[in-house]
Amino acid sequence: MKKLLALALLSFAASAADLETRSYQVQITSHCDEGEVSCDQVVYQGKSKKSGKTITLEGSSWHTLCADGVTPCRFLGYQFKNGDTTYYVRDDGLLQVIRGRQVLVSEQGEWRQ
């Protein structure tokens with residue numbers, strides 16, 4: 001039920017959803033029109049619970065591709081780039097921060113209303 005609610009919150013235009021993990025608070029805000037399958041106007045605002053430091057990144061929705069290799073199919077979550085570091089916020093609540101091949105953060109969280 002919580003996962004379905006989170007997906008519903010993430011699918012509306014100019015919508016926001018909060019993810020809380022053990023160490024981070026993350027707000028995802030989508031600025032795309034309702035009904036768009038993919039969105040390149042998504043904002044990540046993250047805060048470390050330990051240091052209090054914040055970061056704001058711009059990114060996009062993240063999908064698998066359909067058989068044609070072009071059309072977005074299944075929604076996976078969101079991705080945000082910061083230099084050589086990529087932040088992934090998955091629809092199941094997993095927050096991952098990866099630099100090159102090194103996983104810097106991998107924490108399961110819960111979507112909040």
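This is a predicted model: local features need pLDDT of at least 70, side-chain atom pairs count only at pLDDT 80 or more; totals for chains, interfaces and linings use all residues.
Biologist: How many helices and strands does the protein chain contain, and what pattern does it follow along the sequence?

Modeller: The secondary structure comes to 1 helix and 9 strands. Read along the sequence, the order of these elements is α-β-β-β-β-β-β-β-β-β.

Biologist: In what order do the 9 strands stand in the sheet, and which are the edge strands?

Modeller: The 9 strands form an open sheet with antiparallel pairing, in the order β8-β7-β6-β5-β4-β3-β2-β1-β9. Two of these strands pair on one side only. From one strand to the next the twist averages 25°. The edge strands are therefore β8 and β9.

Biologist: Which strands pair with β1, and over how many bridges?

Modeller: Strand β2 (residues 24–30) runs antiparallel to β1, and the two form a hairpin with 3 residues between them. Strand β9 (residues 110–112) also pairs with β1 in the antiparallel sense. The bridges number 5 to β2 and 3 to β9.

Biologist: Which residues of the largest nonpolar core touch the most other members?

Modeller: This core holds 17 residues. The elements that give two or more residues to the core are β1, β2, β3 (42–48), β5 (72–82), β6 (85–90) and β7 (94–99). The members that touch the most others are Val26, Ile28, Tyr44, Phe80, Val89 and Leu95.

Biologist: Leaving aside neighbours within four places in sequence, with which residues is Val26 in contact?

Modeller: Val26 is one of the core residues that touch the most other members. With neighbours within four places set aside, its contacts are Ala17, Asp18, Leu19, Tyr44, Gln45, Gly46, Val89 and Leu95.

Biologist: Is Thr29 buried or exposed?

Modeller: Thr29 has its place in strand β2. Beyond its neighbours within four places in sequence, Thr29 is in contact with Ser15, Ala16, Gln41, Val42 and Val43. Because its relative accessible area is 14%, and the limit is under 20%, Thr29 counts as buried.

Biologist: Why does Gln102 count as partly exposed?

Modeller: Gln102 lies in strand β8 (residues 102–108). The C-alpha atoms of Gln102 and Thr85, which are 17 residues apart along the chain, are separated by 9.4 Å. Partly exposed covers values between the buried limit of 20% and the exposed limit of 50%. Gln102 falls in this class because its relative accessibility is 49%.

Biologist: What percentage of the 113 residues in the protein chain is buried?

Modeller: Over the 113 residues of the protein chain, the buried share is 39%.

Key:
Residues are numbered from 1 along each chain as its sequence is written. Side-chain values use heavy atoms; hydrogens and water are left out. Helices (H or I, at least four residues) and strands (E, at least two) are DSSP runs, numbered from the N terminus. Buried means under 20% relative accessible area, exposed over 50%, partly exposed in between (1.4 Å probe, protein chains only). Axes are lines fitted to C-alpha atoms, for helices over the stretch in contact, and angles run from 0 to 180 degrees between N-to-C directions. A nonpolar core is a set of buried Ala, Val, Leu, Ile, Met, Phe, Trp, Tyr and Cys residues joined through side-chain atoms within 4.5 Å. Contact means heavy atoms within 4.5 Å.
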